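Welcome! Take a look at it first, and then we will walk through it topic by topic.

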Protein chains: 2
Amino acid sequence: MPEQNFEMEHQKALHNLKKNLPDNEDLEAMVNIFKAFGDMTRAKIIFALAETPLSVGEIADTLDMSQSSISHQLSILKGLNLVSNARRGRNIHYRLSDQHIITIFKQTQDHIIEDENDF
Amino acid sequence: MPEQNFEMEHQKALHNLKKNLPDNEDLEAMVNIFKAFGDMTRAKIIFALAETPLSVGEIADTLDMSQSSISHQLSILKGLNLVSNARRGRNIHYRLSDQHIITIFKQTQDHIIEDENDF
DNA sequence: TTCATATATGAATGATTGCTCATATATTCA
DNA sequence: TGAATATATGAGCAATCATTCATATATGAA
């Protein structure tokens, strides 16, 4: 009876579930990154930096937001090693730490597009 | 002088930045998904559902959390089409809407691993 | 050194959010 | 139908968070 096989498989999966979950530390690292992505300002900063390195002021101008706000958000992104910075003349230029970051955004965009096709 | 070329390229990139950013609607959709991923409870739910479909009660037991809390979080995930549900006998089973979701998590895990190697 | 500019930072505040508790709804079973 | 079980939902509360405002720090120019 296939119905019972399904049930048995399910029970087995259920039993192993808890120990198959990533440990809290790893999960927390991931969740923190998603949290960083889950804010309009930071997402815009990331997309902007995907095009070219930018100074704090340039980002503030582009996004039409205060210097302070951008600086605060950059320090969060930096704390998570999502961006790095370097002085360039009078300014400090920020850049994405690695290309993975923009890939994750693109992947998510794909998910949304796929999703829209369902309707 | 290569320094000036750099500066000119930068000015050009800066000028085009604003109109190259994704429009707000698209960005908001992405940000909402990241927001959903950016919470330990929901992340755990997603990892659990990546293994097998589960009822609300099974998730609550596995994560050692209240039924109400899990139900609330599931409704958020469902609102974003990240999970779907179907009654199965007395219970309601939830499953991931598509496989993209777990790919995004794995991609992020890769980012973290790469990051750790830098130290 | 002094002034001007660019960035960082701390405190305060309003908004968002995750959980709990109580309760409503819905389905199965007897 | 009535009781039991599974899930959903609304209000309330504490915690988190993004922005602002004021100010500190740091660099470059004169």
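Let us begin with one pair of residues: in strand 3 of chain A, A:Arg95 is the bridge partner of A:Ser84. Please keep in mind that this is a predicted model.

- Chain A has an open sheet of 3 strands, arranged in the order 1-3-2 with antiparallel pairing.
- Its edge strands are strand 1 (54-55) and strand 2 (83-88) of chain A, and each of them pairs on one side only.
- Strand 2 of chain A runs antiparallel to strand 3 (residues 91-96) of chain A, and 6 bridges join the two.
- Several residue pairs can be picked out along these two strands: A:Arg87 stands opposite A:Ile92 of strand 3, and A:Arg88 has A:Asn91 of strand 3 as its bridge partner.
- Strand 2 and strand 3 of chain A form a hairpin, with 2 residues between them. In the turn you will find A:Gly89, which has a positive phi of about 65 degrees.
- Strand 1 of chain A is also antiparallel to strand 3 of chain A, and 2 bridges join them. Here A:Leu54 stands opposite A:Tyr94 of strand 3.
- As a general point when viewing strands, side chains in a regular strand alternate between the two faces of the sheet.

**The helix across the sheet of chain A**

- Helix 3 of chain A lies across strand 1, strand 2 and strand 3 of chain A. Relative to strand 3 of chain A, helix 3 runs at about 95 degrees.

**The sheet of chain B**

- In chain B, 3 strands make up an open sheet in the order 1-3-2, with antiparallel pairing.
- Strand 1 (54-55) and strand 2 (83-88) of chain B each have a single partner strand, so one side of each has no neighbour in the sheet.
- Strand 2 of chain B is joined to strand 3 (residues 91-96) of chain B by 6 bridges, and the two run antiparallel.
- Among the pairs here, B:His93 of strand 3 is the bridge partner of B:Ala86, and B:Asn91 of strand 3 is the bridge partner of B:Arg88.

- Helix 3 (residues 40-51) of chain B lies across strand 1, strand 2 and strand 3 of chain B, at about 95 degrees to strand 3.
- Helix 5 (residues 67-79) of chain B lies across strand 2 and strand 3 of chain B, at about 120 degrees to strand 2.

**Where the two chains meet**

- How many residues of each chain take part in the contact between chain A and chain B? There are 54 residues of chain A in contact with 54 residues of chain B.
- Together the two chains bury about 5,200 Å², with 69% of that on carbon and sulfur atoms.
- The interface has 0 salt bridges by the rule used, while 4 residue pairs are in polar contact, counting pairs with both residues at pLDDT 80 or more.
- On chain A, the elements that give two or more residues to the side touching chain B are helix 1 (2-20), helix 2 (24-37), helix 3 (40-51), helix 4 (56-63) and helix 6 (100-116).
- Helix 6 of chain A provides the largest share of that side, with 13 residues.
- Sorted by class, the side of chain A that touches chain B has 26 nonpolar, 14 polar and 14 charged residues.

How values were computed. Residues numbered from 1 in each chain as written. Chains lettered and ligands numbered in written order. Predicted model: local features only at pLDDT ≥ 70, side-chain atom pairs only at ≥ 80, totals over all residues. Heavy atoms only, no water. Contact = heavy atoms within 4.5 Å. Buried area = accessible area lost by both parts, 1.4 Å probe. Salt bridge = Lys/Arg side-chain N within 4 Å of Asp/Glu carboxyl O. Polar contact = N/O pair within 3.5 Å; in protein donor to acceptor, adjacent residues only side chain to side chain. Helix = DSSP H or I, 4+ residues; strand = E, 2+ residues; numbered from the N terminus. Nonpolar A, V, L, I, M, F, W, Y, C, P; charged D, E, K, R; others polar. Pairing = 2+ DSSP bridges. Axes fitted to C-alpha atoms, helices over the stretch in contact; angles between N-to-C directions.
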